[in-house]
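The structure comes first, then the points by topic.

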Amino acid sequence: MREIIVDLGGEELTLAATFKASVEISDRVGDPLVIAREAAIEAMMSQNGVPYDPRWKFSVRNVPEIIWIGAKAAGDKRKLEDVQELVFAAGFIAARDVATRYLAAIVSPTSEEIEESGGDKEPGK
């Protein structure tokens, strides 16, 4: 199980990137692959100075929910309302960064997984 440790307004949270958490995010918020794709397109367009209106957007409702699902997957017993208050206290911009990092942990392999799959080997070896 992949985990990331994040600071949200001075409070340390562990978020677990699991298949079950990714399915719950998909059911409650949006497919993590779609979210990641839209974020990547938005970043690329922004770098090139091209306006882009993503099909999926972070909101004051979905940012705390994404973080709560990750914390719950890591064994945290807080209620959604508790995480909503943490997010509000930390600020939505900081919390969005946490949600973005967590979603990246879900959809991207770790460097160890890349090495195990042979991603760093020379072709033919």
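Trp56 counts as buried, because its relative accessibility is 14%. Buried means under 20% relative accessible area, exposed over 50%, and partly exposed in between (1.4 Å probe, protein chains only). This is a predicted model: local features need pLDDT of at least 70, side-chain atom pairs count only at pLDDT 80 or more, and totals for chains, interfaces and linings use all residues. Residues are numbered from 1 along each chain as its sequence is written, and side-chain values use heavy atoms, with hydrogens and water left out.

**Aromatic pairs**
- A search of the whole structure finds two aromatic pairs (Phe, Tyr or Trp rings, the six-membered one for Trp, with centres within 6.5 Å; planes under 30 degrees apart are stacked, over 60 edge-to-face, the rest tilted).
- Trp56 and Phe58 form an edge-to-face pair, because their ring planes stand at 80 degrees, with centres 4.9 Å apart.
- Phe88 and Phe92 are also edge-to-face, with planes at 70 degrees and centres 6.1 Å apart.

**Exposure**
- Phe88 counts as exposed, at 58% relative accessibility.
- Of the 125 residues in the chain, 32% are buried.
- The chain exposes about 8,000 Å² (Shrake-Rupley method, 1.4 Å probe), and carbon and sulfur atoms supply 52% of that area.

**Fold**
- Six helices and two strands make up the pattern β-β-α-α-α-α-α-α along the sequence (DSSP runs: helices H or I, at least four residues; strands E, at least two).
- Among contacts (heavy atoms within 4.5 Å) between residues at least 6 apart in sequence, 65% join residues at least 24 apart.
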